[in-house]
Amino acid sequence: MLPLFLTSHKAYFGMLAVFLAAVLAMCLWLSKQQATLPLLGDYHIYHCETGGSGQGSFNLLTVSSIFAREIADNLCRAPAMAEQYKTISISWKPRQQLTAEEVLNEDYDLIWNREHSLHGLVPEYSRYYEPLLRYDQYKVFWFSRNGQPQLTREYFRGKKIGLLNDRLSHTFHLLPLASLKQLGVDISRQPLVYFDDANSLYRAFARGDLDLVSGGLFLEQDLDIPLQRILMADNVVAATLFVRKARAAEIDCAIAQAFDDATTDYFSAHRDFPGAAHCRG
Amino acid sequence: MARCKRWLPLAWCVLTALLSGSAYWYAHASFADDLARQFQQQLPQRLALALQNRLANNGPHSWVIGQLERDLAALPATGRLPLLRHCRARVEQLIGEPGVSPSSGGDQIAVGWHIGDGERQDRTLFSLKCDTNWPVLLASQGVLALLLVGCVWLWPAPLSSARRLQIRTLSGAGIAPQLARRLSARLEQFNPLQRDLFARLRDQLGLSMESLLNWLAKPELATLDPQQILWLDLALHKGIEGPPDLDRALAVALAPAYLQFECEQLQVIAHGIPITLSKTPFFYFLWYARRRLAGDGWYLNPPTSRPDRDGAEPLITLMEELGGHNKSINDLREHGLRAKTLDQNRNKIRDELVSALGEVLVEPYLFESRRDMKSGRYSYRLALSADQIQIH
């Protein structure tokens, strides 16, 4: 029997509220759901199958995701690759993330990089890797949205210049600073804006937040807005392809062809391929 | 209580709907929360690596979206109840700036990430879709609602403050709490008249609560009119010593208006109440009654100067038969019926009836009078009609 004080209307409705709260809590407790997220793949690595009789994977490290898939697909279609490898795998992780261990372990069969970077990482890299081909005479320009840029100290005064934080980047860091130095601009008084990635840099430029940026001819195609340019440097080594010394020699021509096919339209640079004489066609 | 029970099925339906709504919302929300947490663990680094270094229109965006959606095409949901199935996420916006795109909420999940140590935040927006396992959801919430309805049904109904006061009063009077609760429940079914009677009678010595309540529960009692209540009260308070005879009191209250003469005991019974009269007033009363039974009953007071000697004869016979006082008999023989004696005896009858029945109830059992226009004297007779009078 309930104590008398619990029989009042107030106590009754209080008890109803307690029951309701308890049942609601039970409802929520019962209906709580958990998600089981599978281990996700790596989205900076692209794989394709050669469909051939070869074994293992041919691993590439490139600096940019732009041509990556096209290069890999070209390699997968190459018969010489199919004979040697089952899959082609291309990664475009940031070049700063390449470690000495990876170079020493020869984790990658091909590395797109600059000689000074690789040398800085592993001075004796040449025991494991050798250059296969080189893109040089690459042209880098100053781009402006307002009027023709001029290579004079007066022109640059007070102009906001966008650079990349990546100190290894020729196009976006080293060359522009060298150009300013050459013109006698006091870099410490120049308004320089640093960005973490090219994407942000160009977006800021497209918005009008920057007066000048550096870049290759590809920029006109990428941004698709009216730009004025002036040449900053015209014999830049754009990239060098380093390949493992311990490789099947038959694949050299296929690699060169795959990179050529993917980059010709975009990459207005001269190609230096010492081994080209061995290739057919 | 019966009224409440009728509402229970409806309450069950409403509760099932309410709980199902909550369960639906929480199943989806908790799944999305948990997924968002795991997204935040796995995705930022992967997205930053994949999308770090190129412009939107040339990057691997569509390929990354395809890969993500392939990986997120089947997201198993687990829980105490299998409420969700076939969960999958789609990419709504691969790179959006925070503030521009909506934050997580509803069926959308936003994952924030940034490249390197940069301050710039990017945000990827996913939409989440899950099929709801309605049979399990509705059945489980229906059972929960049933549980609640069952608890409410079993929980004693609340008592009004009047009832609680009554129970406290009963307990205060030394009645065991459980019995007090039971008595109060019975009282609840009584009308104000019955409750009033209970209040007046419960302190009477020698009455058990149970028998009092059983008596109060009688249907005849519930429908007594005010006049009958007066009779009931009268009958209850007649036997001052000891417990009142409840059934007799009810019989009195329900009795018709009649007057019965018990000649042996020199007693009249008015509406069931026995009244013992003094000898001489009784005989006068009986004499008037007989006249009422014999005809219209009117008897004109004789003139002061000429008493009614003939009229005295039946009264004398009556007194002799029933052992009247000699003095009264002789007085009648000597002087006949006199207006003064008649008036005196009617007054005595009146006094004795009033003292037994009270001023209010006594009225129909007394005399009515009318004035004779010629002589200026009064006639008297019993106010009751002949069929309401019995002589034994």
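Helices (H or I, at least four residues) and strands (E, at least two) are taken here as DSSP runs, numbered from the N terminus. The structure described is a predicted model, in which local features need pLDDT of at least 70, side-chain atom pairs count only at pLDDT 80 or more, and totals for chains, interfaces and linings use all residues. Residues are numbered from 1 along each chain as its sequence is written, while chains are lettered from A and ligands numbered from 1 in the order in which they are written.

The secondary structure of chain A amounts to 10 helices and 13 strands, and that of chain B to 14 helices and 11 strands. A residue is termed buried if 20 or more other C-beta atoms lie within 10 Å of its own, exposed if 12 or fewer do, and partly exposed in between, with C-beta atoms placed from the backbone. Buried residues account for 38% of the 281 residues in chain A and for 29% of the 392 residues of chain B. Two residues are in contact if their C-beta atoms, placed from the backbone, lie within 7 Å. Of the contacts in chain A between residues at least 6 apart in sequence, 80% join residues at least 24 apart; in chain B the corresponding figure is 62%.

The contact between the chains involves 45 residues from chain A and 57 residues from chain B. On the side of chain A that touches chain B, two or more residues are given by each of α1 (9-31), β1 (33-35), α2 and α8 (198-207) of chain A. The largest share of that side, 13 residues, is provided by α1(A).

In soluble globular proteins, nonpolar side chains tend to be buried together. A nonpolar core is defined as a set of buried Ala, Val, Leu, Ile, Met, Phe, Trp, Tyr and Cys residues joined through C-beta atoms within 7 Å. The largest such core has 61 residues, and those with the most contacts inside it are A:Ile71, A:Leu75, A:Met81 and A:Leu241. At least three residues of this core come from each of domain 1 (45-135 + 238-278) and domain 2 (138-236) of chain A, the domain bounds being those of an automatic or database domain assignment. A second, separate core comprises 42 residues, including B:Ala32, B:Ala36, B:Leu49 and B:Leu84.

Residue A:Ile71 belongs to the buried set of α2(A), together with A:Ala68, A:Ala72, A:Asn74, A:Leu75 and A:Cys76. These buried residues pack against β2 (45-49), β3 (57-61), α3 (79-84), β4 (87-91) and α10 of chain A. When residues up to four places away in sequence are not counted, A:Ile71 touches A:Ile90, A:Ala258, A:Phe259 and A:Ala262.

Two packed helices are described by the angle between their axes and the distance between the axes. Axes are lines fitted to C-alpha atoms, for helices over the stretch in contact, and angles run from 0 to 180 degrees between N-to-C directions. Angles under 35 degrees count as roughly parallel, over 145 as roughly antiparallel, 65 to 115 as roughly perpendicular and the rest as oblique. In chain A, the axes of α2 (residues 68-77) and α10 (residues 252-263) come within 8 Å and cross at roughly 140°, which makes α2(A) oblique to α10(A). The contact is formed by A:Glu70, A:Ile71, A:Asn74 and A:Leu75 of α2(A) with A:Ala254, A:Ala258, A:Phe259, A:Asp261 and A:Ala262 of α10(A).

In chain B, the axes of α12 (residues 309-321) and α13 (residues 326-335) come within 10 Å and cross at roughly 160°; α12(B) is therefore roughly antiparallel to α13(B). Here B:Ala312, B:Leu315, B:Ile316, B:Met319 and B:Glu320 of α12(B) meet B:Ser328, B:Ile329, B:Leu332 and B:Arg333 of α13(B).

Within chain A, A:Met232 is located in strand β11 (residues 228-236) and is buried, with 22 other C-beta atoms within 10 Å. Its contacts, not counting residues up to four places away in sequence, are A:Val140, A:Phe141, A:Trp142, A:Leu175, A:Ser179 and A:Ser214. A:Met232 and A:Leu175 are 57 residues apart in sequence and 7.9 Å apart in space, C-alpha to C-alpha.

Positive phi values occur in A:Glu106, near 55°, and in B:Leu266, about 55°. A:Glu106 lies in the loop between α4 (100-105) and β5 (110-113) of chain A and counts as partly exposed, with 15 C-beta neighbours inside 10 Å. B:Leu266 lies in the loop between β5 (259-262) and β6 (267-270) of chain B and is buried, with 20 other C-beta atoms within 10 Å.
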